[in-house]
Amino acid sequence: METNGSRSFVGVRAGVPLGTAGIETTRRVHRRCHRPNMSTQPWDVVIVGAGLSGLSAARYLRERDARLRVLLLEGKDRVGGRTVTLQIPAAHGDDSWDFGGQWVSSSQTSVMELIQELGLEVYPQSTTGKKVYHMGGSRAPVRTYTSSIPSLPPLALLDLTQVMWKIDRLLQTVCVEDPVSAPRALEYDSMTLHSFIERNVWTQSLLAVVKEALELSTRSVFGMEPAQMSFLYFLMYCAAAGGALRLLEATPGSAQEFRVKGGTQQLCVRLAELIGWENVRLSCAVKAIRQYPDGIQVHTSSDSFDCKAVIVTCPPHLAAQIEYDPALPTERQRLTQNMPVGHMIKFIVTYSTAFWRVKGFSGEMVVQPSEDCPICVTYDCTSPHGNPALVGFIAGKQAADWSHRAVEDRREAVIRSLARYLGPEASHFIHYAEKDWAKEDYSGGCPVNVMMPGMLTYYQPSLRRPCGRIYWAGTESATCWCGYMNGAIQSGQRAALEVLERLSPQLLSQDELIEARASAASPPRSRGLPPPWCRRPVCFAAAVVALGAALLLARHGGWHAAIGRVSAFLQSVGSAQLLNGLKR
């Protein structure tokens, strides 16, 4: 059994522990990049964290003012933050897969522009074939479907449609930059997402399918349970992505649309090359930040660095572990102490053939986890080189339960579950590898930190507001696709602009000066951008009437034929997208 930095990464062949060959290439790169600490010398900007946010901030600073001396300090022995690409055995030899952030979307302009600038390529997520849907408990029937609509009972489908419509109608009222300006903001920030589900799901006393589907969606997106986050925060997060369904889909413009050839960690590696590895210090965790009237000092366990400004890009729960002198404002302290991070275990299983494709499956499964099945979601993860693989997630309470078990137990449960839903061929795998992000040093969880009830109402402005010479970035502070790689890049560039306003204001345009000062002061009172189809209330009426008609049609022509006619009708009036998210 081999680990990457800590016990977070584990790779196991079919019955044989993996030696170092599977990850040695990646480790050699990081060792070559490491530079020993140098003596204390003045810097203009020190950036805490060498993930996408920190590296994007550094690049932006250097591009706008080449005279600035910028230093990045990273606690890990690699760059990349919550992205990491590793090699594991596959059908045609070792190949690369992402064990952290994996997908990008055409609607994520910041990351797509960076991919193009760095000369990288993307390719679409494979979704062709039957999808597996198993909700309602272990004794419930396993359903398959090929459209975007699973074979749900009619009442459950109607109920799920009305809940999703209600969520998208509410997120239209939420301003991502200033969510507390939304009507009923205090009410929604006083309840959890779980409370909203309990109040608005009609069929929960008869059918548990709708409630389970919403809970599973929360785990797959946040790595958390609905009871752990504010409902207002959930609405804000959805608004930042342009709609709730975008978080769940692999359709154009949605979160799982594309993958990056060669892996997403390349983004950070290439940014580090552009900035210069001599300006990146690995295995240099920041312990303390001390501000003085004329500057600021950053301390690691073995050295200190004087500078004029600091950008902290690590996740909020890690930023809270740094010692600050003078102490940060109470609002900032309380916020970071109440932003728990999700828990996900990501696994990849390689095979000699893509047997699921041969059998007509897409590799996509949505499963209600149980005592015997830890999986919540899987996808086809075949590499661009044609090496067949499946990727899946153990998330939320299942991750907490299974994290304490032996890797052999998790592997056996995962393979057994894949064989149950895709066939006995799943038992004949080449390699099983997983990464438990809760055990990753200087991560402590994945994919994102969320806000508990009350945090947005009382403390949200301190998420981005500078504290003296300390500026804040990280995907949690983004306003466009927060929680994703796109949000990390956007937040890094925003913090860099704020620093430039302090250090090099003469280089900024009047509009940039206004933008930097506004983002560092009070949030603007603008509205988030909901998906265009949500702006027409008639869509919901059409959906309800059409689905009601489906109940009658089903008696004569069968439910599948009926729902097909209804889906065609909804598409003709522009509201079929209300149903697209039901496949998760």
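Modeller: Axes are lines fitted to C-alpha atoms, for helices over the stretch in contact, and angles run from 0 to 180 degrees between N-to-C directions. Helix 16 (residues 485–503) runs at about 155 degrees to strand 22, and it lies across strand 2, strand 15 and strand 22. The model is predicted: local features need pLDDT of at least 70 and side-chain atom pairs count only at pLDDT 80 or more, while totals for chains, interfaces and linings use all residues. Residues are numbered from 1 along each chain as its sequence is written, and side-chain values use heavy atoms, with hydrogens and water left out.

Biologist: How many helices and strands does the chain have?

Modeller: The chain has 20 helices and 22 strands. These are DSSP runs numbered from the N terminus, of at least four residues for helices (H or I) and at least two for strands (E).

Biologist: What is the strand order of the open sheet of five strands?

Modeller: The order is 11-3-2-15-22, and the pairing is parallel. Strand 11 (280–281) and strand 22 (470–472) each have a single partner strand, so one side of each lacks a neighbour in the sheet. Helix 2 (residues 52–64) packs on this sheet and touches strand 2, strand 3 (70–73) and strand 15. The direction of helix 2 makes about 175 degrees with that of strand 3.

Biologist: Why is cysteine 284 called buried?

Modeller: Buried means under 20% relative accessible area, exposed means over 50%, and partly exposed lies in between (1.4 Å probe, protein chains only). Cysteine 284 has a relative accessible area of 5%, so it is buried. Across the chain of 584 residues, buried residues make up 61%.

Biologist: How do you know that cysteine 373 and cysteine 376 are too far apart for a bond?

Modeller: A disulfide is a pair of cysteine sulfur atoms within 2.5 Å. The sulfur of cysteine 373 is 9.2 Å from its closest cysteine sulfur, that of cysteine 376, and is therefore too far away for a bond. A search of the whole structure gives zero disulfides.

Biologist: What makes arginine 219 a buried residue, and which residues is it in contact with?

Modeller: The relative accessible area of arginine 219 is 1%, so the residue is buried. Arginine 219 lies in helix 7. Contact means heavy atoms within 4.5 Å. With neighbours within four places in sequence left aside, the contacts of arginine 219 include Met224, Glu225, Met344, Gln368 and Ala395.

Biologist: Why are the buried residues of helix 6 said to line one face?

Modeller: Helix 6 (residues 193–200) has Leu193, Phe196, Ile197 and Asn200 as its buried residues. Seen down the axis, they fall within an arc of 100 degrees, so they line one face of the helix. That arc is taken over the directions from the helix axis to the C-beta atoms. Helix 4 (154–171), helix 7 (209–222) and helix 8 (231–241) are included in what covers these residues.

Biologist: Which residues have the most contacts inside the largest nonpolar core?

Modeller: A nonpolar core is a set of buried Ala, Val, Leu, Ile, Met, Phe, Trp, Tyr and Cys residues joined through side-chain atoms within 4.5 Å. The largest such core has 81 residues, and those with the most contacts inside it are Phe222, Phe231, Tyr233, Phe234, Leu235 and Tyr237. Helix 8 gives the most to this core, with 11 residues. Beyond four places in sequence, tyrosine 233 is in contact with residues including Phe222, Val448 and Leu456. A second, separate core of 45 residues includes Val45, Val111, Ala473 and Leu508.

Biologist: What makes strand 20 mostly covered?

Modeller: Seven of its seven residues are buried. Ala389, Val391, Phe393 and Ala395 point one way from strand 20, and Leu390, Gly392 and Ile394 point the other way. In a regular strand the side chains alternate between the two faces of the sheet. Strand 17 (residues 344–350) and strand 20 pair in the antiparallel sense over seven bridges; threonine 350 has alanine 389 as its bridge partner. Strand 19 also pairs with strand 20 (residues 389–395) in the antiparallel sense, over four bridges, and aspartate 380 stands opposite leucine 390.

Note on methods
Two strands pair if DSSP finds at least two bridges between them.
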